[in-house]
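Subject: Structure handover: helix packing and a cavity

Hi,

Here is the structure I promised to pass on to you. Please open it alongside this email, and then read on for what turned up.

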Amino acid sequence: MPTVQDVLQALEQIAPVRYAVSFDKVGLQVGNPSKNVMKAVVTFDRSLASVKFAASQGADLVLAHHPLIFSPLETVDSRTHIGRTIIELIKHDISFIAAHTNWDSARDGLNDKLAALLRLWDVREFGEAAHVQAFTLVVTCPVGIENELIDAATDAGASVIGAYRRCAFQQRGSGIYESKDGTEPAIRDIVQREYSEESRIEMHVLANSKGAVDRAVRRAHPLKEPAIDWYPLAPHDEQRAGRIGKIAPISLSAFSTAIDKALATRCWAFGNPDDKIKVVAVTGGAADDAWQDARNAGADVLVTGEVKQHVALEAVESGFRIIAAGHYATEHPGCVTLRDRMAKAVPDVEWVLFEPKPGEAGRPI
């Protein structure tokens, strides 16, 4: 039977934790990693209503888009909303996992779903991304076992670059060493300088896989003391959160109406109603601060969930357009996708979607 840890491992393949921005709180927030999971509830908000729904379903786990615990807690007090929610989880032995900005950024994740609903094409990434630390692994080995080491490192999480896996550089050369009695290999009983044909292997490894890869390579290497070096690389932006794509030319006013229909919402559009829209940037939730990145990426308009008044003012008076389509409307569809992806990844768990009625649990009327 799958456990909470199995769910976390599957989620890591779909929405890696490293995609989350530095200030975000994702992963297991309440519960025991070794607990068995038979049924799980996927929800947009970390609402008390979603936890009570999970309890009524006999669920073992809640997977929410929004984190429950964002700031350090001084108390778990039933007089607070967060306290009541945590108490309800513990009372019913329900674990809680958050997949937030890592799911926003993930390939085929929340913002890709939003782009698809708005029928964008030639979609690409733009905007904010988490800074990812990585290393270059360099290991030398006797000729003939290169594939074994590369396979071991790959299985442990190394050598994934974009859509490619098992990426490695290999070069042959001469190894030089001195051996004496009591060492392996020892050819003579006196100190002797030896030469052997060896291969040098280089692989790209993300920081969160470094320990596992190091252990895997040492287990697969035939020497007791293999030559392994780790070279830190400058942090880089691996996966950007926003998406930008094209649409057939349409006025801002007509595009706003089309969004209303596509997302079952009511938009607030800021800009000249007659302006022509050809390139659209999208990022769900509260992402109005991305408007300058969207403009710099070539967009005519940014579609997001919430827009503060002063941001709308700055954008419009800078010659840009911005649309507030609602936090729930822009992010709940991505939670439906998350439920479907997790159902494929962990099929032995029954995955249920929590969808509050209009006006309930943070969903607007």
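Predicted model: local features only at pLDDT ≥ 70, side-chain atom pairs only at ≥ 80, totals over all residues.

**Helices 1 and 11**

Let me start with a pair that brings together helix 1, residues 4-14, and helix 11, residues 327-345: their axes come within 10 Å and cross at roughly 120 degrees. That angle makes helix 1 oblique to helix 11, and the crossing of the two is right-handed. On the helix 1 side the contact is formed by V7, A10, L11 and I14, and helix 11 contributes L338, R341, M342 and A345. Sorted by class, the residues of this contact are seven nonpolar, no polar and one charged.

**Helices 6 and 7**

Next come helix 6 (residues 146-155) and helix 7 (residues 210-220), which pack at about 150 degrees with 8 Å between their axes. Angles over 145 degrees count as roughly antiparallel, and therefore helix 6 and helix 7 are placed in that group. Helix 6 passes helix 7 in a right-handed crossing. The residues in contact are E148, L149, A152 and A153 from helix 6, with V213, A216, V217 and A220 from helix 7. Here the division is seven nonpolar, no polar and one charged.

**Helices 2 and 3**

For helix 2 (residues 48-56) and helix 3 (residues 81-91), the packing angle is about 10 degrees and the axes lie 9 Å apart. Helix 2 and helix 3 are therefore roughly parallel to each other. L48, V51 and K52 of helix 2 meet H81, R84, T85, E88 and L89 of helix 3. This contact divides into three nonpolar, two polar and three charged residues.

**The cavity**

How many cavities of 30 Å³ or more does the structure hold? There is one, and the volume of the largest cavity is about 40 Å³.

Best wishes

Methods:
Residues numbered from 1 in each chain as written. Heavy atoms only, no water. Axes fitted to C-alpha atoms, helices over the stretch in contact; angles between N-to-C directions. Helix = DSSP H or I, 4+ residues; strand = E, 2+ residues; numbered from the N terminus. Parallel < 35°, antiparallel > 145°, perpendicular 65-115°, else oblique. Left-handed = near helix turned anticlockwise from the far one by under 90°. Contact = heavy atoms within 4.5 Å. Nonpolar A, V, L, I, M, F, W, Y, C, P; charged D, E, K, R; others polar. 1 Å grid on protein atoms, 1.4 Å probe; cavity = no way out; pocket = protein on both sides within 12 Å on 5 of 7 lines; lining within 4 Å. Points joined across faces, edges and corners; volume = space filled by probe spheres on them.
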